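Me: I have a model open and would like to learn how to read its features one at a time. Could you walk me through it?

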Amino acid sequence: MKTASRVLGIVGGCIAFIFSAFIILGGVAFSTIFPNIEFPENDTEIIVNGEKIEFDNNIDKDSYQKAGLVFVGYGSAILFAGILGILGGIFVKKKNIVAGILMLVGSAISFFTLWGIFISLLLLLGGIFALVRDSSNNKTLYGDGDIKMN
């Protein structure tokens with residue numbers, strides 16, 4: 001179970017890094033690029049498929065920046081969850097209780113961002129597997145040569 005927990009924690013953390021990179025870059029784009037876009041004036045006539053498109057030039061530029069900050073916040077939370085997942089995956093062989101708790105906390109954080117539900121599932125399973133007692137120390141009745149028959 002500890003090997004599965006290690007793999008799930010590290011894979012979940014790596015996927016969290018990828019998700020967080022895209023979400024943070026999207027937030028930066030919302031904060032910096034979109035407020036500077038100039039829309040055409042209302043007297044400009046653009047027709048697409050026979051329908052006239054009108055532009056609203058009264059878009060508040062602060063709303064783009066606020067949306068960008070929300071994206072950056074969610075991306076940072078997923079990044080933190082990924083760090084917890086990778087740390088849990090690394091520590092699972094020596095301190096399985098600490099590793100399980102780290103992965104479960106990372107799972108909860110990524111679940112509440114709603115973009116990290118897949119990451120949350122990986123870290124949740126990894127955390128549960130880390131906390132479950134390992135039964136690989138039990139010996140089987142066959143195959144290890146301890147039982148002798150006359």
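Me: How many residues does helix α4 have, and what distance does α4 reach from its first C-alpha to its last?

Reply: Keep in mind that this is a predicted model. The expected span of a helix is 1.5 Å times one less than its number of residues. Helix α4, residues 117-131, has 15 residues and reaches 21 Å, close to the 21 Å expected.

Me: Which residues of α4 are buried?

Reply: Buried here means under 20% relative accessible area. In α4 the buried residues are Ile119, Ser120, Leu122, Leu123, Gly126, Gly127 and Ala130. They cover an arc of only 165° around the axis, so they sit on the same side of α4.

Me: What covers the buried residues of α4?

Reply: For this, look at contacts. The cover includes α1 (2-32), α2 (61-91) and α3 (96-112).

Me: Let me pick a residue in α3, then. Is Ser110 buried or exposed?

Reply: Ser110, which lies in helix α3, is buried, with a relative accessible area of 0%.

Me: Which residues is Ser110 in contact with, leaving aside its neighbours within four places in sequence?

Reply: Those are Ala81, Gly116, Ile117, Ile119 and Ser120.

Me: Now the backbone. What is the phi of Leu114 near?

Reply: First the general idea: most residues other than glycine have a negative phi. Leu114 has a phi near 70°, a positive value in a residue other than glycine. You will find Leu114 in the loop between α3 and α4.

Me: Is Leu114 buried or exposed?

Reply: Leu114 is exposed, with a relative accessible area of 61%.

Me: Let me zoom out. How many helices and strands are there in the protein chain, and in what order do the elements run?

Reply: The chain has 4 helices and 2 strands. Read from the N terminus on, the order is α-β-β-α-α-α.

Me: What share of the contacts in the protein chain links residues 24 or more positions apart?

Reply: Counting contacts with a separation of 6 or more, such residues account for 72%.

Me: And what percentage of the residues count as buried?

Reply: Of the 150 residues in the chain, 27% count as buried. To finish with the surface, its accessible area comes to about 10100 Å², and 66% of that belongs to carbon and sulfur atoms.

Definitions and conventions:
Residues are numbered from 1 along each chain as its sequence is written. This is a predicted model: local features need pLDDT of at least 70, side-chain atom pairs count only at pLDDT 80 or more; totals for chains, interfaces and linings use all residues. Side-chain values use heavy atoms; hydrogens and water are left out. Buried means under 20% relative accessible area, exposed over 50%, partly exposed in between (1.4 Å probe, protein chains only). The arc is that of the directions from the helix axis to the C-beta atoms. Contact means heavy atoms within 4.5 Å. Accessible areas come from the Shrake-Rupley method with a 1.4 Å probe; for residues, only the protein chains shown count as cover.
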